Amino acid sequence: MASNTLLDTIEPDEPSAPRPPSGNINAAPKNAKPQVVLTPTALGSEQMASSSGDAELGLAGILRQSAHPMVLFCLFFFRIAAIALYLLSGFFINNYVVSTVVVVVLLAMDFWNCRNVAGRRLVGLRFWNQVDEDGESFWVFESRDPSRPANPLDSKMFWIALYAFPVLWLVILFFSFVRFNLEFIPIVILALIFNVTNCIGFSYADRDAKQRWASGVASAGWNMGLGGFGGTIMTGVMKNSVGRVFGQ
């Protein structure tokens, strides 16, 4: 009975209506930290290159773009070292024999490196002189497959080095005659022989490669549906055009 009386005297709580949310939704919380906006500074913009061309200037940029940076470096190193030592040997080496031997060794190393390493790796060309069974000598030219073109930068720098340094040695030879430095003229003549030999050899190797490429394109006339007569005409046109360009 007592338990029933307590239950009768306790009244249930009235359900309270839910309160709608109040306040500004866009307001920032009290403990919120201010936002930090990262903007590029003037110092960073000055350190960055303004264009892709500016980023690739200089020796480091050339070596980065090269497919064979060490070969390209050695090509210019031997040539520059030979000329620099020839011009400055009087300041560092008082012995004429020692300076001459060092310059000749650098010239020989440059000749071998240019013909056997740099030409093959940078432009895909190589040449040498061969003697047949009858005792007649002839030139042999090798070229890379046209489907594997050389790096444009490597090719450009190779041809610049091939033709620029003989001109420098010619200038040195001229001043040697003007100043009557007759004891150094044999070194300059030897340098010209080495450099001009490479110039002529690689020029003919390049022309031979282009002629073979033209012949290959012309022989593909049959496969393109031109037939035997059309292929003959294309062969003649391509050979004549290449011969006119390269002076044949």
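Is Val 97 buried or exposed, and what is its relative accessible area? Val 97 is exposed, with a relative accessible area of 53%; "exposed" stands for over 50%, "buried" for under 20%, and "partly exposed" for what lies in between (1.4 Å probe, protein chains only). The views below come from a predicted model, where local features need pLDDT of at least 70, side-chain atom pairs count only at pLDDT 80 or more, and totals for chains, interfaces and linings use all residues. Residues are numbered from 1 along each chain as its sequence is written, and side-chain values use heavy atoms, with hydrogens and water left out.

**View 1. The whole protein chain has 9 helices and 2 strands.** Helices (H or I, at least four residues) and strands (E, at least two) are DSSP runs, numbered from the N terminus. Starting at that end, the order is α-α-α-α-α-α-β-β-α-α-α. The chain has 248 residues, and 28% of them count as buried.

**View 2. Val 97 belongs to a nonpolar patch on the surface.** Val 97 sits in helix H6 (residues 96-123). Patch members have over 30% relative accessible area and no salt bridge; nonpolar side chains (Val, Leu, Ile, Met, Phe, Trp, Tyr) are joined within 5 Å, like charges within 9 Å. A salt bridge is a side-chain nitrogen of Lys or Arg within 4 Å of a carboxyl oxygen of Asp or Glu.

**View 3. Arg 79 is buried, with a relative accessible area of 3%.** Look for Arg 79 in helix H5 (residues 69-92). Not counting residues up to four places away in sequence, Arg 79 touches several residues, including Asp 110, Phe 165, Asn 195 and Asn 198. A contact here means heavy atoms within 4.5 Å.

**View 4. Strands E1 and E2 pair in the antiparallel sense.** E1 covers residues 125-131 and E2 residues 137-143, with 7 bridges between them; two strands pair if DSSP finds at least two bridges. Phe 127 stands opposite Phe 141 in E2. In the hairpin, 5 residues lie between the strands, and Gly 135 takes a positive phi near 90°.

Terms used: Areas by Shrake-Rupley, 256 points an atom, 1.4 Å probe, with all protein chains shown as cover.
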